[in-house]
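Okay, shall we get started?

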Amino acid sequence: MNNSDKGKLGEDSATKYLVEKGYEIVTRNFRIRSAEIDIIARSGDTIIFVEVKARSNIRHGLPIEAVTLRKQKKIIEAASIFLQDDNYADCACRFDVIEIYLEGGRVEEIRHIENAFEILQEG
Amino acid sequence: MYARTFGSATLGVDGMIITVEVDSANGMPAFDIVGLPSTAVRESKERVRTAIKNSGLRMRSEKITINLAPANVKKESAGLDLPIAIGLLASQGRLRASICEDFLFVAELSLEGNLRPVPGVLPIAITAREEGFKKIIVANENINEALLVEGLEVYSPKTLMELVDFLDGEIEMKTAKPQPIYEPEGFVELVDDFADVQGQFMAKRALEIAAAGGHNVLMVGVPGSGKTMLAKRMSSILPEMTREEALEVTKIYSITGKLSGTGLVTKRPFQNPNHDSSTAAIIGGGTNPTPGQVTLAHNGVLFLDELPEFKKATLEALREPLEERQITISRVNGTITFPSSMILICAMNPCPCGWSGDDDHSCRCTPLEIKKYMRRLSGPLLDRIDIQIRVPRVKYDDLSSRRKNEPSSVIRERVSAARKIQTKRLEKYHLFCNAQMTHSLIQNLCTLEPAAEKLLKNVFETKKLSARSYDRIIKVSRTIADLNNGAEKITAKHIAEAIKLRSDFEVDA
């Protein structure tokens with residue numbers, strides 16, 4: 001199983017997990033020129049932007065540690081473009097990270113981190 | 001939604017009410033603090049967020065904007081944690097916004113959600129009362145300080161959750177009671193008393209006169225003659241502070257964080273900075289001006305041991321606080337005035353080796369060395385020191401004698417009586433001691449007996465005194481007369497003693 005397969009598996013299981021928890025999936029793999037949001041979900045009036053990180057071992061750090069400041073900025077950029085759609089203008093929003101731990105090609109554990117990051121104040 | 005709470009910061013020695021406006025709205029989650037927050041205030045967002053979470057309260061992740069008004073002043077207080085947290089909860093509908101506006105919140109938050117004390121609660125409480133606040137919320141350790149201000153209801157919840165329940169009306173809370181001050185058991189406070197000093201009668205007399213008239217003193221003496229010992233006992237003979245004075249001192253201690261749960265400071269301060277201290281440490285300074293030693297010694301004694309060893313710039317900077325009884329510090333961030341009404345006591349050796357003028361030792365210094373040593377003290381500084389005396393080596397007989405010396409309490413009674421006479425005389429000029437009299441006031445208020453006049457004239461001409469010395473002699477003799485049951489006219493005896501105190505040690509500048 002190569003890395004992109006792992007990513008695909010992770011995103012699929014994260015989507016399943018969110019649906020089971022009662023979230024409505026708005027879109028997957030929302031793409032702008034320079035960035036991508038893995039899953040955009042909705043719960044009530046809140047739009048949730050989800051970044052999925054799958055790992056088969058933690059030798060190179062925890063999955064959430066891979067969501068660096070640079071990556072956060074890209075997600076925030078993409079999110080602000082998504083929010084320009086009039087349908088979502090009045091929504092609250094949130095940035096979540098879902099960690100997928102893989103073991104021998106199977107999903108071992110899913111950890112959902114709500115409010116994983118937010119917009120940083122300049123200066 | 002929008003909510004507003006009130007917090008505070010300090011500016012100089014005064015409190016300042018800060019309006020904390022919080023807006024929480026839908027949008028990209030963010031947490032911004034605007035309105036010139038200092039680093040401590042900027043960091044408060046992490047403390048507030050964690051404290052709210054750990055108190056078991058929920059905070060929605062929304063676009064949160066916090067504004068601290070007035071926006072043009074740099075806010076320097078961690079005490080803004082609590083008003084920010086309460087404002088946040090109110091803006092998200094967890095608390096009724098109208099209730100929160102009745103209180104002034106002054107406390108830092110721990111990550112756990114406990115209230116922590118902050119410096120400067122006393123001046124903040126004073127300002128709060130002036131601005132019409134009725135209720136103030138402080139941490140437990142700050143209760144005694146806040147209670148010094150009458151007409152304020154002080155509440156002190158332990159945790160943020162307790163405060164939220166109180167604001168919700170779910171629990172009753174009593175107004176805070178004064179907290180007992182714990183002292184370690186078996187702790188005997190050593191009180192410096194003049195009864196401990198053997199011999200040195202002239203120096204003791206000089207310090208008594210200095211205390212009575214607020215005169216500054218320079219003591220010149222060989223090493224080990226007891227200059228430091230004498231100076232340390234100075235605050236024990238100064239009259240008790242009035243409540244007004246005590247509040248001023250407590251305010252300064254409060255701002256500098258030197259109060260630890262105690263209430264009013266009743267002991268006159270005694271500050272004894274090392275001669276290596278920087279000018280900013282003595283005078284006050286820093287990017288955001290903080291009080292220096294002259295301010296910490298307000299209403300008390302500033303003792304400079306080894307006077308010529310202080311940096312020249314530092315000594316010259318003392319001129320303003322000595323003259324104006326306050327010090328104005330100007331920095332890019334603003335100009336702040338601190339009070340600095342103190343008695344300056346200085347001690348020094350007569351020469352670098354220390355033995356010049358002693359009968360039993362020979363001085364190893366060359367005349368040039370002595371001259372250089374003395375030249376570190378400028379004329380204008382010495383000019384502000386009314387009493388300049390020699391402190392000789394103590395004789396063995398004095399040292400070993402079992403004679404009971406006069407205790408400080410007796411001296412203090414005489415000093416207090418003399419101060420009362422002065423206050424009565426000087427009240428209408430807004431002065432409180434003889435040392436503050438100007439030349440014209442001296443002309444008006446100090447009448448000399450003919451014999452005294454004649455003596456002064458004689459000395460003036462033979463010693464070739466300056467006009468300044470003339471004023472100073474009369475000022476000191478006025479104090480001596482006040483100590484002498486408030487004699488209305490200055491007699492020759494008073495003048496003679498004043499001349500002795502003035503010229504016992506002539507600095508050849």
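So, the contact between the chains: 12 residues of chain B are in contact with 16 residues of chain A, with contact meaning heavy atoms within 4.5 Å. Before I go further, this is a predicted model, so local features need pLDDT of at least 70 and side-chain atom pairs count only at pLDDT 80 or more, while totals for chains, interfaces and linings use all residues. Residues are numbered from 1 along each chain as its sequence is written, chains are lettered from A and ligands numbered from 1 in the order in which they are written, and side-chain values use heavy atoms, with hydrogens and water left out.

How much area is buried between chain B and chain A? About 1,100 Å², with carbon and sulfur atoms giving 49% of it. Buried area here is the accessible area (1.4 Å probe) that two parts lose on being put together, summed over both. On the chain B side, M28(B), P29(B) and S61(B) lose the most area to chain A, and together they make up 47% of what that side buries.

The rule finds one salt bridge across it, where a salt bridge is a side-chain nitrogen of Lys or Arg within 4 Å of a carboxyl oxygen of Asp or Glu. The side chains involved are R49(B) and E118(A), at 3.1 Å, N to O. There are also three residue pairs in polar contact between chain B and chain A, both residues at pLDDT 80 or more. A polar contact is a pair of N or O atoms within 3.5 Å; within protein, one must be able to donate a hydrogen and the other to accept it, and residues adjacent in sequence count only if both atoms are side-chain atoms.

Which elements give two or more residues to the chain B side? Those are β3 (30-34) and α2 (44-54) of chain B, and β3(B) provides the largest share, four residues. Helices (H or I, at least four residues) and strands (E, at least two) are DSSP runs, numbered from the N terminus. By class, that side of chain B has five nonpolar, three polar and four charged residues. Ala, Val, Leu, Ile, Met, Phe, Trp, Tyr, Cys and Pro count as nonpolar, Asp, Glu, Lys and Arg as charged, and the others, Gly among them, as polar.

For the cut-offs, buried means under 20% relative accessible area, exposed over 50%, and partly exposed in between (1.4 Å probe, protein chains only).

Over in chain B, E208(B) forms a salt bridge with R414(B), at 2.7 Å between the closest N and O atoms. E208(B) sits in helix α8 (residues 201-213) and R414(B) in helix α18 (residues 408-426), 206 residues apart. Buried or exposed, E208(B)? Buried, at 5% relative accessibility, whereas R414(B) is partly exposed at 30%.

On to the inside. The largest nonpolar core has 50 residues, and M234(B), I345(B) and I387(B) have the most contacts inside it. The helix α8(B) gives the largest share of this core, seven residues. A nonpolar core is a set of buried Ala, Val, Leu, Ile, Met, Phe, Trp, Tyr and Cys residues joined through side-chain atoms within 4.5 Å. Take I387(B): not counting residues up to four places away in sequence, I387(B) touches several residues, including A206(B), I209(B), V217(B) and L501(B). There's also a second, separate core of 42 residues that includes V73(B), I84(B), L88(B) and L109(B).

Last, some backbone details. The peptide bond from A69(B) to P70(B) is cis, with omega near 0°, and P70(B) lies in the loop between β4 (63-69) and α3 (81-91) of chain B. N299(B), a residue other than glycine, has a positive phi, near 65°, and is buried at 8% relative accessibility. H430(B) also has a positive phi, near 60°, but H430(B) is exposed, at 74%.
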